[in-house]
Amino acid sequence: MLNLCQAKKPALITLDITMPEQSGIKTYYQFKKHSALKEIPVIIIAAADESYKNFLNKLNGFSTPEVFLSKDTLRKIGEVLNQK
């Protein structure tokens, strides 16, 4: 995923905490350590789970699956993209 993002240079990255091969949190930290990718905003999608609450509150944005395509989520994506 890092190589693809480095080649494509997306405006925004969305991750799920429970991705199949590697957790979204681990992937998030890999992006932030990578000099070419660390400035790309990340939105993490997560089920309502208190164990991730502190981590998620530090991010630009996050959403729970049941509201991922809600107006609030789309508004948050717009806000994050407009910060660039």
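A search of the whole structure finds one salt bridge, defined as a side-chain nitrogen of Lys or Arg within 4 Å of a carboxyl oxygen of Asp or Glu. The model is a predicted one: local features need pLDDT of at least 70, side-chain atom pairs count only at pLDDT 80 or more, and totals for chains, interfaces and linings use all residues. Residues are numbered from 1 along each chain as its sequence is written, and side-chain values use heavy atoms, with hydrogens and water left out.

The salt bridge joins the side chains of Arg75 and Glu79, with an N to O distance of 2.6 Å. Both residues lie in helix α4 (residues 71–82). They are four residues apart, about one turn of the helix. Accessibility was classed by relative accessible area: buried is under 20%, exposed is over 50%, and partly exposed is in between (1.4 Å probe, protein chains only). Arg75 counts as partly exposed because its relative accessibility is 45%. Glu79 is also partly exposed, at 33%.

The protein has four helices and three strands. Along the sequence they follow the pattern α-β-α-β-α-β-α. These elements are DSSP runs, numbered from the N terminus: helices are H or I with at least four residues, and strands are E with at least two. The protein has 84 residues, of which 32% count as buried. Its accessible surface comes to about 5,700 Å², by the Shrake-Rupley method with a 1.4 Å probe; for residues, only the protein chains shown count as cover. Carbon and sulfur atoms hold 52% of that surface. Contacts were also counted, a contact being heavy atoms within 4.5 Å. Among contacts with a separation of 6 or more, 47% link residues 24 or more positions apart.

In soluble globular proteins, nonpolar side chains tend to be buried together. A nonpolar core is here a set of buried Ala, Val, Leu, Ile, Met, Phe, Trp, Tyr and Cys residues joined through side-chain atoms within 4.5 Å. The largest such core has eleven residues. They are Cys5, Ile13, Leu15, Ile17, Ile25, Tyr28, Phe31, Leu37, Ile40, Val42 and Ile44. Helix α2 gives the most, with three residues.

Helix α2 spans residues 24–33. Its buried residues are Gly24, Ile25, Thr27, Tyr28 and Phe31. Seen down the helix axis, these residues fall within an arc of 160°, so they line one face of α2. The arc is that of the directions from the helix axis to the C-beta atoms.

Thr27 lies in this helix. With a relative accessibility of 4%, Thr27 counts as buried. Neighbours within four places in sequence aside, Thr27 is in contact with Met1, Leu15, Met19 and Gln22. Leu15 is also a member of the largest nonpolar core.

The structure holds one aromatic pair. The rings of Tyr28 and Tyr29 have their centres 5.4 Å apart and their planes at 70°, so the pair is edge-to-face. Rings of Phe, Tyr and Trp (its six-membered ring) pair if their centres lie within 6.5 Å; planes under 30 degrees apart are stacked, over 60 edge-to-face and the rest tilted. Tyr28 counts as buried, at 14% relative accessibility. Tyr29, at 42%, counts as partly exposed.

Gln30 is also found in α2. Its relative accessible area is 29%, so Gln30 is partly exposed. Beyond four places in sequence, Gln30 is in contact with Leu2 and Gln22. The C-alpha atoms of Gln30 and Leu2 are separated by 8.0 Å. Along the chain, the two residues are 28 residues apart.

Gln22 sits in the loop between β1 and α2. Gln22 is partly exposed, with a relative accessible area of 24%. Residues up to four places away in sequence not counted, Gln22 touches Thr27 and Gln30.

Another loop residue is Lys9, placed between α1 (2–8) and β1. Phi of Lys9 is near 50°, a positive value in a residue other than glycine. Lys9 is exposed, with a relative accessible area of 62%.
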